[in-house]
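Please keep the sequence and the coordinates at hand while reading.

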Amino acid sequence: KSLHLKIESSLVTGEYRFFQEAAKTWTTEMKNQRIPVRIVLGAGFGKSIRNRLIQPSLELKDAQGQAYTLRSSLETTFPSLDLDFVRVVIQGICPPLDSSLLYLSDNLCHADQFLYVCLSLHETRQRKKRQEEAVMKESKEETKNDAGE
């Protein structure tokens, strides 16, 4: 059987030991290639990109030869994103951004062997954006009123 069929069969039949064997084989094979990651953009992102699934191509190490951390992988994938305003959730927990991506992949991956990383902007960032938009709107209205007088 192919590895995918073994994993699927073990999940359907509830034979967890077969899943562990297949997952171990899969993980060993994947360690020589790329880390399977999928990133979901959640609350706080614009409507046009919200719920979008992004699958970056991350090797085990970055261009400098350093193992990827959660922070470095996000910085590589989203260079203009300020991580101070981002909430990162994997399997319901918020791991430290300095966590090894390989460790997270080995321990928190989904049954399909992908590490699903959910990103959302903090409420403070959303509130700040709304305040900035409100200030811009007010200043435009004041400019119109001043021009009308």
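What percentage of the 149 residues of the protein chain count as buried? In this predicted model, the share that counts as buried is 30% of the 149 residues.

**Overall make-up**
- Read from the N terminus, the elements of the protein chain follow the order α-α-β-β-β-β-α-β-α-β-α.
- Among the contacts in the protein chain that have a separation of 6 or more, 59% are accounted for by residues 24 or more positions apart.
- The protein chain has an accessible surface of about 10,100 Å², and carbon and sulfur atoms contribute 51% of that area.

**The sheet**
- An open sheet is formed by four strands in the order β3-β2-β6-β5, with mixed pairing, and its edge strands are β3 (residues 53-54) and β5 (residues 86-89), each of which pairs on one side only.
- Strand β6, which covers residues 115-121, runs antiparallel to β5 and is joined to β5 by four bridges; within this part of the sheet, V89 has C118 of β6 as its bridge partner.

- As general background, nonpolar side chains in soluble globular proteins tend to be buried together.
- In this model, the largest nonpolar core comprises 22 residues, and those with the most contacts inside it are L70, L74, V117 and L119.
- The elements that supply two or more residues to this core are β2 (37-41), α3 (70-77), β5, α4 (101-108) and β6, with β6 giving the most, namely four residues.
- Once neighbours within four places in sequence are set aside, L119 is in contact with I39, V40, L41, G42, A43, F45, L74, F78, L81, V86, R87 and V88.

**Cysteines**
- A search of the whole structure finds zero disulfides.
- C94 counts as partly exposed because its relative accessibility is 44%, which lies between the limits of 20% for buried and 50% for exposed.
- C109 also falls between these limits and therefore counts as partly exposed, with a relative accessibility of 23%.

Key: Residues are numbered from 1 along each chain as its sequence is written. This is a predicted model: local features need pLDDT of at least 70, side-chain atom pairs count only at pLDDT 80 or more; totals for chains, interfaces and linings use all residues. Side-chain values use heavy atoms; hydrogens and water are left out. A disulfide is a pair of cysteine sulfur atoms within 2.5 Å. Buried means under 20% relative accessible area, exposed over 50%, partly exposed in between (1.4 Å probe, protein chains only). Two strands pair if DSSP finds at least two bridges between them. Contact means heavy atoms within 4.5 Å. Accessible areas come from the Shrake-Rupley method with a 1.4 Å probe; for residues, only the protein chains shown count as cover. A nonpolar core is a set of buried Ala, Val, Leu, Ile, Met, Phe, Trp, Tyr and Cys residues joined through side-chain atoms within 4.5 Å.
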